[in-house]
2 protein chains.
Amino acid sequence: MDRIPILKMGPFLLVTIQVDLYDRLALNLENDLISMVSKTGARGVLIDISAVNIVDSFMGRILGNIASMSRIMDAETVVVGMQPAVAITLVELGLTLQGVHTALNVEKGMDLLYNKTDLLSQQQDDEEDREDPNDYND
Amino acid sequence: MDRIPILKMGPFLLVTIQVDLYDRLALNLENDLISMVSKTGARGVLIDISAVNIVDSFMGRILGNIASMSRIMDAETVVVGMQPAVAITLVELGLTLQGVHTALNVEKGMDLLYNKTDLLSQQQDDEEDREDPNDYND
């Protein structure tokens, strides 16, 4: 396998990392993600790393790169599902994952993205706008 | 890696299959999925196989098993992101994936699940109920 699938979920992209990221795979992921952000106009990227047991400085750098690239493309990045041991290792390695938001799981990550991007309030406004005609019918 | 992560997305579960399913991994996936359905009360299971290039009768059987088990637990199963070559192989192998719904991508699969489970209409009803107090304020 030389590509990690990227799933479009509404205004966000979801990536589940299940295998060790080696150079080529990581580069492909960066490229694919950025082209998907550009193609779909996604406002956020969710990266699930719940299956990742071991994290090293390479992985930390890749996550940071993706976050920086996405931000330039006007998309926020949230890393979700980090295992406690991975968090400990990251701190011990001195990696702070700068510019990367984190959340406990995908649902919380999605809520965070909705808050960050103000999409939810826009959506609610839209819904209220759509419901106005009904009010006149009452 | 001996487990495939299962992500909870609202009322549904999402699984992305990125590696070849061997016996133990497939058994773990079946067990994990069924316990997650039971624990979370999920109404649907989305299985993304966009990263799967090769499908064999074993894989077909596993997908069928998951669908049958989920149905007993009152959850529908939708397989999404199937590559054209995989669909060709499945038909040539004579595997019809009975009981498994399919959709082109995760978003369409989620729409299908919302339709199948009638969750969307319930949700809209709830929203309308919630909005009633505002109507009186007008």
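Q: In what order do the five strands of the open sheet of chain B stand?
A: In this predicted model, the sheet of chain B is open and its pairing is mixed. Its edge strands, each pairing on one side only, are β1 (6-9) and β5 (101-103) of chain B, and neighbouring strands are turned by 25° against each other on average, with direction ignored. The order of the five strands is β1-β2-β3-β4-β5 (chain B).

Q: Which residue of β5(B) stands opposite Val78(B)?
A: Strand β4 (residues 76-80) of chain B and β5(B) run parallel and are joined by three bridges. Within β5(B), the residue that stands opposite Val78(B) is His101(B).

Q: Is Val52(B) buried or exposed?
A: Val52(B) lies in the loop between β3 (44-48) and α2 (57-72) of chain B. Leaving aside residues up to four places away in sequence, Val52(B) touches Ile17(B), Met59(B), Gln83(B) and Val86(B). Because its relative accessible area is 7%, and the cut-off for burial is under 20%, Val52(B) counts as buried.

Q: What distance separates the C-alpha atoms of Val52(B) and Gln83(B)?
A: Gln83(B) is among the residues that Val52(B) touches, although the two are 31 residues apart along the chain. Their C-alpha atoms are separated by 7.6 Å.

Q: In what sequence do the helices and strands of chain A follow one another from the N terminus?
A: The secondary structure of chain A comes to five helices and five strands. Read from the N terminus on, the elements run β-β-α-β-α-β-α-β-α-α.

Q: Which residue of the hairpin of β1(A) and β2(A) takes a positive phi?
A: Strand β1 (residues 6-9) and strand β2 (residues 12-16) of chain A run antiparallel and are joined by four bridges, with Ile6(A) having Val15(A) as its bridge partner in β2(A). The hairpin has two residues between the strands, and the residue with a positive phi, near 60°, is Gly10(A).

Q: Which strands of chain A stand at the edges of the sheet?
A: The open sheet of chain A has five strands in the order β1-β2-β3-β4-β5, with mixed pairing. Each edge strand has a single partner strand, so one side of each is left without a neighbour in the sheet. The strands at the edges are β1 and β5 of chain A.

Q: Which residue of β4(A) is the bridge partner of Leu46(A)?
A: Strand β3 (residues 44-48) of chain A and β4(A) run parallel and are joined by five bridges. The chain crosses from β3(A) through helix α2 (residues 57-72) of chain A to β4(A) in a right-handed β-α-β crossover. In β4(A), the bridge partner of Leu46(A) is Val78(A).

Q: How many of the five residues of strand β4 (residues 76-80) of chain A are buried?
A: On its other pairing, β4(A) runs parallel to strand β5 (residues 101-103) of chain A through three bridges, and β4(A), helix α3 (residues 84-93) of chain A and β5(A) make a right-handed β-α-β unit. Strand β4(A) is mostly covered, and the number of its five residues that are buried is four.

Q: What is the relative accessibility of Asn28(A)?
A: Asn28(A) is placed in helix α1 (residues 23-40) of chain A, and beyond residues up to four places away in sequence it touches Asp2(A) and Arg3(A). Asn28(A) counts as buried because its relative accessibility is 11%.

Q: Which feature does UniProt place at residues 2-113 of chain A?
A: This span is 46% helix and 20% strand, and its end C-alpha atoms lie 28 Å apart. According to the unreviewed UniProt entry, the feature at these residues is "domain: STAS".

Definitions and conventions
Residues numbered from 1 in each chain as written. Chains lettered and ligands numbered in written order. Predicted model: local features only at pLDDT ≥ 70, side-chain atom pairs only at ≥ 80, totals over all residues. Heavy atoms only, no water. Buried < 20%, exposed > 50% of the residue type's maximum accessible area, 1.4 Å probe, protein only. Contact = heavy atoms within 4.5 Å. UniProt positions renumbered as here; feature names shortened; annotations may be inferred. Pairing = 2+ DSSP bridges. Right-handed = clockwise from strand over helix to strand, strands pointing away. Axes fitted to C-alpha atoms, helices over the stretch in contact; angles between N-to-C directions.
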